[in-house]
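I opened this entry to keep track of what I looked up in the structure, chain by chain and then where the chains meet.

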Amino acid sequence: MTEWLERHIPKMVLAPSFIAILVFVYGFIAWTAWVSLTRSRLLPKYEVEGLIQYERLFASPRFDTAMTNLFIFGTLFIVISMVLGLLIAILLDQKIRTEGVLRTIYLYPMALSMIVTGTAWKWIMNPGLGIEKMVRDWGFENFSFDWVIDPDMAIYAVVIAGVWQASGFVMALFLAGLRSVDGEIIKAAQVDGIPNWRIYSAIIIPSMAPIFLSAFIVLAHLAIKSFDLVIALTGGGPGYATDLPATYMYAMAFSRGDIGQAASSAMVMMAVVFAIIVPYLYSELRTKHD
Amino acid sequence: MTDIALTTTHNPSRNWGRIALRWLLFTLLGLFALFYLMPLFVMVTTSLKSLEEIRTGSLVAFPREVTFEAWRTAWSGACTGIQCEGLRPYFWNSVILAIPAVLISTMLGALNGYVIAQWKFKGANLIFSLMLFGCFIPFQVVLLPMARMLGMMGIAGTIPGLIFVHVIYGIGFTTLFFRNYYVSIPQELVKAAKVDGAGFFRIFWSIFLPLSLPIIVVTVIWQFTQIWNDFLFGVSFSQAGTQPVTVALNNIVNSTTGVKEYNVDMAAAIIAALPTLLVYVVAGKYFIRGLTAGSVKG
């Protein structure tokens, strides 16, 4: 008996967590998928009716705005954060004595809640009292910076705050990558008289491909999940000009009482995440086994 | 270290070029530092100004007259909707929510990681993959059933309910951290201890746990930052009185009644950010390690 127990203890220790993940992750995904196929409104119904919720979803101008916003925000957020992160990492890699301090400064936004970031930038970009007023007081009377209340520009205000928060983290990833490149190759290149910018563009950056991939995955994941930032910065407004799928889903679930729409939009978010993550995880896990 | 930086030459014209380049470098780095510091600077100075000074002065000016009035209001008088008790009760909600959630999820992660890395059985890798995958789902996909489940369990809108949610969805990451740490410890250690008659828990307690301090620090910091900064679960699964600090902050900032008190908003934002900022300043090295371990899998 004790021998049996001793042999099975590892499984019994893992079992509660495993069951919890099965139920609360996979079971719940299945529930949401099921409900997204029904006519559920205020309360869930369980008769499968087909794809009507998805038809409603893709016919809804509000969700259309949300997906367009996700595309704009996601693309700009990822590209700018990566470019900025790489640039700062290369600048920091030039034997700077104050590197430690600078790194701390560039990275601290990552420790903040998106709600704090949103609150701070909402105030900075306040049209009446923020940057706009500051620049006008400097004498540029016609200067205008009212992105947070301009339906056409508000999503770019979200990009600014998002980049401010995440680019330092990308910098840290790239800096670690720069430091892991084989020093011998670089010395050899320097001996051959190859200029520094060529060493970066032809040797170092190409060898960091895996880091670009990691940074991309993390940023894409952050972009899709972005919810707090929009809520704090614009509240999804003006109107629903800065809605993202995440805020759309929340509005349907908790203020509109439209469970069917909430479930189907959540499934669409999940599909977007999967399209990005699954190939990555698959390759990662496979190389682990080899 | 990539040893790229600029080999020395004795040619004076190239030396001048080097110095100019160096100055350009420092200027750029300084400008970036300003970009990242500016919001924090604006938050702090705004929180120390009176409303009158905010209306008449510049966004980036130092306060002419320092007042802590806004801080007092933010802590104990600001209105989150109908109640006007400031951030204080919600700050404590976050504290009593984060501590058990961090401890429980870290403990479970340590045990799970220990099993998966050192007591491999058939299917253990599949279980690990399934757990890992759970880290990546957008939580929107579990919000609705979780709301119903918490209701059925009778802990909807309570702090224990929120603790439960954070533990469940924290397990994936904590298990990943510990598994990756323990996998580098040679299997012979467990084998030798078994020969000496030590059991599963004994080996964990006297061999693995004492080796684990660095990864425990990384995990605790990661979990604390995640849970303290969480907004989605907080806003979905709490009710008046049990909200965490991030939700209360958002309510204060977006409450539409009365005059907008920007100085109070900023003081409240700093208060909500202080615990994680403190952790970052004190243990930044571990914070970064968690970030990169959580993103660069394996």
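I began with the secondary structure of chain B, keeping in mind that this is a predicted model, and I counted 13 helices and zero strands there. Reading from the N terminus on, I noted the order of elements in chain B as α-α-α-α-α-α-α-α-α-α-α-α-α. I then looked up the radius of gyration of chain B, which is 25 Å and well over the 19 Å that the globule rule gives for 298 residues, so chain B is more spread out than a compact globule. For its extent along the principal axes, I wrote down that the C-alpha trace of chain B spans about 75 × 75 × 35 Å.

Which residues of α12(B) are buried? Helix α12 of chain B, residues 245-254, is mostly covered, with nine of its 10 residues buried. I listed the buried ones as B:Val245, B:Thr246, B:Val247, B:Ala248, B:Leu249, B:Asn250, B:Asn251, B:Ile252 and B:Val253.

The C-alpha trace of chain A spans about 75 × 70 × 35 Å along its principal axes. I noted that 45% of the 290 residues of chain A count as buried, and that, among contacts in chain A between residues at least 6 apart in sequence, 69% join residues at least 24 apart.

I then picked out one helix pair in chain A. The axes of helix α3 of chain A, residues 61-92, and helix α7 of chain A, residues 154-179, come within 6 Å and cross at roughly 40°.

One backbone angle in chain A made me stop. A:Lys95 is not a glycine, yet it has a positive phi of about 55°. As background, I reminded myself that most residues other than glycine have a negative phi. I placed A:Lys95 in the loop between α3 and α4 (99-107) of chain A. Is A:Lys95 buried or exposed? I found 12 other C-beta atoms within 10 Å of A:Lys95, and since a residue with 12 or fewer counts as exposed, A:Lys95 is exposed.

Last, I looked at where the two chains touch, and found 77 residues of chain B in contact with 90 residues of chain A. Helix α13 of chain B, residues 262-295, gives the most to the side of chain B that touches chain A, with 16 residues. By class, I noted 53 nonpolar, 20 polar and four charged residues on that side of chain B.

How values were computed
Residues are numbered from 1 along each chain as its sequence is written. Chains are lettered from A and ligands numbered from 1 in the order in which they are written. This is a predicted model: local features need pLDDT of at least 70, side-chain atom pairs count only at pLDDT 80 or more; totals for chains, interfaces and linings use all residues. Two residues are in contact if their C-beta atoms, placed from the backbone, lie within 7 Å. Helices (H or I, at least four residues) and strands (E, at least two) are DSSP runs, numbered from the N terminus. Ala, Val, Leu, Ile, Met, Phe, Trp, Tyr, Cys and Pro count as nonpolar, Asp, Glu, Lys and Arg as charged, and the others, Gly among them, as polar. The radius of gyration is taken over C-alpha atoms; the globule rule is 2.2 Å times the number of residues to the power 0.38. A residue is buried if 20 or more other C-beta atoms lie within 10 Å of its own, exposed if 12 or fewer, and partly exposed in between; C-beta atoms are placed from the backbone. Axes are lines fitted to C-alpha atoms, for helices over the stretch in contact, and angles run from 0 to 180 degrees between N-to-C directions.
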